[in-house]
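Q: Please pick one part of this model and go through it closely, residue by residue. Give the cut-off behind each term as it comes up.

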Amino acid sequence: MSAIACNFALLSVFDAKYDVTWSFQYSLCGAPSATGGFATFVFDGSTLAGGGISTGLGYGPSDVAGVSNAILGIGFDSTGLFATTGVGYSTGVANPIENTATLRTGTNFAYQGSIALPFDVVESSEMFRTLRFNLTDVGQTLKVHQYDESIKSYVLLGALSTGYVFATETPVRIGVSVATPVSGNLGCVFKIKDLHHQGKLLA
C-alpha cells in the first residue's frame, strides 16, 4: 500500500488573539501491526496547501512541503516519529515514544513538546474518542482534553507552550490532517465526526 496524506480546513476564520476552542470525535483503526497518525492545526486563513505523507501526518514536511502559512499543529501518531529529528524536522527528540501527541510550530515546524497519551492512537477496530483543543492565553498555550465517558467530563491530557503571542488581530483557520501508514505497508482507516468550534469570528 502506498503512503498517503490528506487534509482539510474549516471555512470559519477566527481571531487568535482570543480563545479558540474546537473538538471532534475520531477513529483510526487498522491491522494489529498497522501504524498511522493524524494532526489538527491552525494556519493563517489563506488557501490550504502542503502537508507531507508518513511522519508529516499531512501537516509537516516529508515528501512535500508542510502546510503553507502554518502557525502550529499537534500530531497524534502511533510511532512517535512526528516528535523526532530528521525527515524534514531539524528539532525534536532523539528517540521516538509510541502513542504521543506532539506540538510543532509552523515556523520551520520546530518541536515544542509532547504529551504521553493514555490510549493507543491506532486501534484494531473502530473506536471513537472525543478530543478538545483550546488555544488560550493570547495564543501562548494549547490545552488538549479527552472526554472520559466514565465520568462524563473532559480530562486534561496536557498543556503545551506554542511559542506565539497573538497581540494583535490574527485571522486563523482550523485544519485536520491524516497520514497512513507512518511506516511499513499496512494502512489504517481514519474517520472524524461531530467537529465543533468556538471563538471570535472575523468577517
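A: Both Y59 and F109 are buried, where buried means under 20% relative accessible area, exposed means over 50% and partly exposed lies in between (1.4 Å probe, protein chains only). The model is predicted, so local features need a pLDDT of at least 70 and side-chain atom pairs count only at pLDDT 80 or more, while totals for chains, interfaces and linings use all residues. Residues are numbered from 1 along each chain as its sequence is written, and side-chain values use heavy atoms, with hydrogens and water left out. The chain has an average pLDDT (the predictor's confidence in each residue, from 0 to 100) of 90, and 94% of the residues score at least 70.

The structure contains 13 aromatic pairs. Rings of Phe, Tyr and Trp (its six-membered ring) pair if their centres lie within 6.5 Å; planes under 30 degrees apart count as stacked, over 60 as edge-to-face and the rest as tilted. One of the pairs is that of Y59 and F109, which is edge-to-face, with 5.2 Å from centre to centre and 75 degrees between the planes. Y59 belongs to the loop between β4 (37-43) and β5 (70-77), and F109 to the loop between β6 (100-105) and β7 (111-116), so the pair ties together parts that are 50 residues apart in sequence. The strands here are DSSP runs numbered from the N terminus (E, at least two residues; helices are H or I, at least four).

F109 itself has a positive phi of about 50 degrees, although it is not a glycine. Its relative accessibility is 10%, so F109 counts as buried. The hairpin of β6 and β7 has five residues between its strands, and there N108 also takes a positive phi, near 60 degrees. Another non-glycine residue with a positive phi is D137, at about 55 degrees. D137 lies in the loop between β8 and β9 (141-148), and because its relative accessibility is 40%, D137 counts as partly exposed.

Five bridges join β6 to β7, and the two run antiparallel; strands count as paired if DSSP finds at least two bridges between them. Within this pairing T100 stands opposite A116 in β7. On its other pairing, β6 is joined antiparallel to β5 by six bridges, and R104 in β6 is the bridge partner of G73. β5 is in turn joined to β4 by seven bridges, again antiparallel, with I74 in β5 as the bridge partner of T40.

In a regular strand the side chains alternate between the two faces of the sheet. From β6, T100, T102 and R104 point one way and A101, L103 and T105 the other, and all are buried. Six of the six residues of β6 are buried, so this strand is largely enclosed by the rest of the structure. From β4, G37, A39, F41 and F43 point one way and F38, T40 and V42 the other, and all of these are buried as well. With seven of its seven residues buried, β4 is therefore also largely enclosed by the rest of the structure. The charged end of R104 sits over the ring of Y89, 3.8 Å from its centre; this requires NZ of Lys or CZ of Arg within 6 Å of the ring centre and within 35 degrees of the ring normal.

A nonpolar core is a set of buried Ala, Val, Leu, Ile, Met, Phe, Trp, Tyr and Cys residues joined through side-chain atoms within 4.5 Å. The largest has 36 residues, of which W22, F38, I74, F76 and F133 touch the most other members. The elements giving two or more residues to this core are β3 (20-30), β4, β5, β6, β8, β9, β10 (153-161) and β11 (171-180). The most comes from β3, with five residues. A second, separate core of twelve residues includes A39, V67, A70 and A179. One aromatic cluster is formed by W22, F24, Y26, F38, F76, F133 and F190. Leaving aside neighbours within four places in sequence, F133 is in contact (heavy atoms within 4.5 Å) with residues including W22, F24, T40, I74 and F76.
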